[in-house]
Amino acid sequence: MHAFYLEPEKWQELVLTGSEFHHLSKVLRLKAGDEITLLNGKGKEAVCAIKNITKKEAELELRSEKTYPENKAKITLALGWGKAARRGFMLEKSVELEAHNLWFWQAERSQFPVPKDIKASWQEQLIAGAKQCHNPYLPEISAVPGGVKELIEKSKDFEHKQLLVESDYAHDAFLSEKDLGLTGNTICVIGPEGGFTPKEIELLKDAGFKAYTIGDRILRWETAAVLVLGLHWWNKQQKKQ
């Protein structure tokens, strides 16, 4: 069944407009009476029938509705800001593998400043990922322009704090699945393409972050991020068995 997204504040109206309506009517050419899945990104999923289609909108009729509980194990990925290439891939994978938050932080070696406003296109990529995998929850994206000090302050109440460093830096352990999928809030900090500075690592470790390595090969930031999310997902699935 085809999936569509409707903002939580419009959930009571059950009317699709804009790009979602265009995809329904012009791309998929669905008709009145066809059933679709509807997601709101905050845990709700509904089966709806198309009641009526006009030139600008599709009116829906609710058939069934389900609210999914929030994950007890929540992971926040803090990614050092870098080039736009492959960011879309990362956004989609964060939905598929159930990231709770994505924080783009201003590292000392970031090549460009973090934008002040979250781009609409980023949200659209998250929605596309959710519709493909039917994840009822969308990660929340935040910008952290104040560097490592703002990152530390923003994560001060997290139960589990992790820092991924290259293998030639002093580290506490090798990251494995047992370190992820943990009950509570976990944050995993990944540096930009140029890596962390020694000062950033020192500040994070002094703030209670445990330094991990994921091997002796230098990985792109999106590779490291997907590996972390994959381990988190794998451990959560194991616990369900």
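Let's start at Leu-77: in this predicted model, its contacts beyond four places in sequence are Met-90, Asn-101, Leu-102, Trp-103, Cys-188, Ile-190, Ala-225, Val-228 and Leu-229. Leu-77 also belongs to the largest nonpolar core, a set of 32 residues. Within that core, the residues touching the most other members are Leu-77, Leu-79, Leu-164, Leu-175, Ile-190 and Val-228.

Which elements give two or more residues to this core? They are β6, α2, β7, α3, β11 and α6. The top contributor is α6, with six residues. Apart from this core lies another one, made of 18 residues, with Trp-105, Phe-196, Phe-209 and Ala-211 among them.

Now for the sheet. Seven strands form an open sheet with parallel pairing, and their order is β8-β7-β6-β11-β9-β12-β10. At the edges sit β8 and β10, each of which pairs on one side only. Strands β6 and β11 run in the parallel sense and share seven bridges. Along the way, Lys-74 stands opposite Asn-185 of β11.

Helix α5 packs on this sheet, where it touches β7, β9, β11 and β12. The direction of α5 makes about 160 degrees with that of β9.

| Strand | Residues |
|---|---|
| β6 | 73-80 |
| β7 | 101-105 |
| β8 | 140-144 |
| β9 | 160-164 |
| β10 | 173-174 |
| β11 | 184-190 |
| β12 | 210-213 |

On the α2 side, the contact is made by Arg-87, Gly-88, Leu-91, Glu-92, Ser-94, Val-95 and Glu-96. On the α3 side, the residues involved are Trp-122, Gln-125, Leu-126, Ala-128, Gly-129, Ala-130, Gln-132 and Cys-133.

Stepping back to the whole chain, there are six helices and 12 strands. The C-alpha trace spans about 60 × 40 × 30 Å along its principal axes. Of the chain's 241 residues, 47% are buried. And if you take the contacts between residues at least 6 apart in sequence, 75% of them join residues at least 24 apart.

How values were computed. Residues numbered from 1 in each chain as written. Predicted model: local features only at pLDDT ≥ 70, side-chain atom pairs only at ≥ 80, totals over all residues. Heavy atoms only, no water. Pairing = 2+ DSSP bridges. Helix = DSSP H or I, 4+ residues; strand = E, 2+ residues; numbered from the N terminus. Contact = heavy atoms within 4.5 Å. Axes fitted to C-alpha atoms, helices over the stretch in contact; angles between N-to-C directions. Core = buried A, V, L, I, M, F, W, Y, C linked by side-chain atoms within 4.5 Å. Buried < 20%, exposed > 50% of the residue type's maximum accessible area, 1.4 Å probe, protein only.
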